[in-house]
Amino acid sequence: MKAAVMYGINQPLVLEDIEIDEPQHGEVLIKTAASGVCHSDLHFMEGSYRYPVPTVLGHESAGVVEKVGPGVTRVKPGDRVVVAFVTSCGACDYCVVGKPYLCGNSAALSRMGRIKLKGQPIPQFSNMSAFAEYQLVHQNACVIVPDDVPMEVAALVGCSVMTGVGAVTNTMKVPVGSTVAVVGAGGVGLNIIQGAKLAGASRIIAVDLLENKLAAAREFGATDVVDASKGDAIQQVQGITGGGVDYAFEAIGLAKTAEQCWAMTKRGGKAVVVGMIPIGASVSLPGPDFIFAEKSIHGSFYGSTRQTYDMPWLMELYRQKRLKIDELISRRYTLDQINEAYAALKNGEVNRSVITF
Ligand SMILES: [Zn+2]
Ligand SMILES: [Zn+2]
């Protein structure tokens, strides 16, 4: 099968023929239908996060079940599924308290050396390696897609929609009437914005440097926009709200913007880091704010997903046109155009691109 192989940092991905194993106990072979072009893969390509190479990236996908191994009960051949990028055991402390995204056995469930490049085993990325025609995944990562939901929409539910909407509804459980700022109006930021709208936030302030991103933010539900290239973003947010917001979400992945989010919150406010702050970077916060302003900072991983519970309601809201997902998709590419797709993402030209197979 064809796959886009990453050989090293800052090197273009290379289309290669690779081999994939048959599904074993509990495993499912998926024929990939759509794979999202997510910024998180770019962090690995650019080296701000590390992963052993060569590997095949891609972690936002949907496909059709081709074959199942023994003991698979969740899906059958022909089923259309979203593939979640964390695999959970269902039995550890994290799983039983409703935090499968933190599963303590996730590493034990991962399949190493089951895809081969020129005869040599290479590691799968995110337990899936979705920039490939087929993926070998654990059955617990599969979520059934309703017949009338397009595969490219389902793929985006697998990362950006879940991560953004879930940060608001699951991780922070933002109460109706809250004021919210979202720093970074890319694929995840736009989903935080529409999550805040679903939650009934009274003000949703999008902060970005690019006019096209701010225009998209308005379409997705931002009540106000702040162009951070024109003056101090913190002051602008404080000005709009008369002192700061209840919740400020960081959706870029920079320590500096996480610190700005902290400063944008009012007394009692919460800063929420959703972006991937690079390895080695530290966030620095003024100490007295913790006590005298009772501010706090939270992380949010994968929208605190309980994939088999959350992804179906996200797709149902899409069916009812209460979540915009078609509008997230700016461009479609084929696998051999993947470097072009990442160049467009880097240049800020797109909300989200999808590789279709
Ligand atoms: Zn992603
Ligand atoms: Zn577990």
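I call two residues in contact if their C-beta atoms, placed from the backbone, lie within 7 Å. I'm working on a predicted model, where local features need pLDDT of at least 70, side-chain atom pairs count only at pLDDT 80 or more, and totals for chains, interfaces and linings use all residues. Residues are numbered from 1 along each chain as its sequence is written, with chains lettered from A and ligands numbered from 1 in the order in which they are written.

**G104.** I found G104 in the loop between α2 (93-96) and α3 (106-109); helices are DSSP runs of H or I, at least four residues, numbered from the N terminus. Beyond four places in sequence, G104 is in contact with C92, D93 and Y94. G104 counts as partly exposed because it has 14 C-beta neighbours inside 10 Å (20 or more would be buried, 12 or fewer exposed).

**Domains.** I looked up the domain assignment, automatic or from a database: domain 1 is 2-159 + 304-356 and domain 2 is 173-299. Their centres, taken over C-alpha atoms, sit 28 Å apart. I get 14 residues of domain 1 in contact with 12 of domain 2. Helix α1 (residues 39-46) supplies the largest share of domain 1's side, 3 residues.

Leaving out residues up to four places away, V182 touches I192, I204 and F249, among others.

How values were computed: Helix = DSSP H or I, 4+ residues; strand = E, 2+ residues; numbered from the N terminus.
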